[in-house]
Amino acid sequence: MALAWQLHSPDFELVTPGGTRYSRAQYLGDVESGQLNYLRWTPGDMWVRMYPQVVLLRYQAALEMGDSPANATSFRCWHTDAYEQRDGLWQVVLSQATLIR
């Protein structure tokens, strides 16, 4: 979790497929507590645009979330992520996930 805190910028925001907006503290707090539990997160091919201090990623991912494999929800999403280089460290700043129906 210490590495996750470093790799997410203090002003990080995630918008989930359901429209929930998370700050870094909310998101990583829910992951750490088990309230958000990723059983599987498999990204596909990535579209990448790299600039001197910004990287943009777009890709599809298969996710499975829940408290156990027997009680899991599986779905696929489009993800769009923006990373910025800050003090020599690449950090995710924005992440948007859109459900694929």
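Predicted model: local features only at pLDDT ≥ 70, side-chain atom pairs only at ≥ 80, totals over all residues.
Student: What does Asp11 count as at 42% relative accessibility?

Tutor: Asp11 counts as partly exposed at that value. The cut-offs are under 20% relative accessible area for buried, over 50% for exposed and partly exposed in between, using a 1.4 Å probe and protein chains only. Residues are numbered from 1 along each chain as its sequence is written, and side-chain values use heavy atoms, with hydrogens and water left out.

Student: OK. Which side chain meets Asp11 in a salt bridge?

Tutor: That's Arg86, with 2.9 Å from N to O. A salt bridge here is a side-chain nitrogen of Lys or Arg within 4 Å of a carboxyl oxygen of Asp or Glu. Asp11 is in strand 1 and Arg86 in strand 5, so the pair ties together parts that are 75 residues apart in sequence. Strands are DSSP runs of E with at least two residues, helices are runs of H or I with at least four, and both are numbered from the N terminus.

Student: Why can side chains pair like that?

Tutor: Side chains of opposite charge can pair when their charged atoms come close.

Student: What else does Arg86 pair with?

Tutor: Glu84 also forms a salt bridge with Arg86, and their closest N and O atoms are 2.8 Å apart. That links Asp11, Glu84 and Arg86 in a network of salt bridges. Arg86 is partly exposed at 25% relative accessibility, and Glu84 is partly exposed too, at 27%.

Student: How many salt bridges are there by this rule?

Tutor: Four. One of them joins Glu13 to Arg21, with the closest N and O atoms 3.2 Å apart. Glu13 is partly exposed at 28%, whereas Arg21 is exposed at 56%.

Student: New topic. Which residues make up the largest nonpolar core?

Tutor: It has eight: Phe12, Leu14, Tyr22, Tyr27, Leu28, Leu36, Met65 and Val92. A nonpolar core is a set of buried Ala, Val, Leu, Ile, Met, Phe, Trp, Tyr and Cys residues joined through side-chain atoms within 4.5 Å. Strand 1 and helix 2 each supply at least two residues of this core. There's also a second, separate core of seven residues, including Val55, Tyr59, Cys77 and Ala97.

Student: Which residues does Met65 touch?

Tutor: Leaving out residues up to four places away in sequence, Met65 touches Leu36, Asn37, Tyr38, Leu39, Asn71, Ala72, Thr73 and Phe75. Contact means heavy atoms within 4.5 Å.

Student: And Thr16, buried or exposed?

Tutor: Thr16 is buried, at 18% relative accessible area, and it lies in the loop between strand 1 (8–15) and strand 2 (21–23). Leaving aside neighbours within four places in sequence, Thr16 is in contact with Tyr22 and Ala97.

Student: What about the loop between strand 5 and strand 6, which residue lies there?

Tutor: Asp87 is one that lies in that loop. It's exposed at 86%, and it has a positive phi of about 50 degrees although it is not a glycine.

Student: Let's do pockets. Which residues lie nearest the centre of the largest pocket?

Tutor: Tyr27, Tyr38, Trp41, His79 and Ser95, out of 29 lining residues. On a 1 Å grid over the protein atoms alone, a pocket is an open set of points where a 1.4 Å probe fits, with protein on both sides within 12 Å along at least five of seven lines, and lining residues have an atom within 4 Å of a point.

Student: How does the lining divide?

Tutor: Into 23 nonpolar, five polar and one charged. Ala, Val, Leu, Ile, Met, Phe, Trp, Tyr, Cys and Pro count as nonpolar, Asp, Glu, Lys and Arg as charged, and the others, Gly among them, as polar. Among the elements that each supply at least two lining residues are helix 1 (2–7), helix 2 (24–33) and strand 3 (38–50).

Student: Last one: where is Arg76?

Tutor: Arg76 sits in strand 5 and is partly exposed at 39%. The C-alpha atoms of Arg76 and Ala62 are separated by 4.5 Å, though the two are 14 residues apart along the chain. Not counting residues up to four places away in sequence, Arg76 touches Gln60, Ala61, Ala62, Thr98, Leu99 and Ile100.
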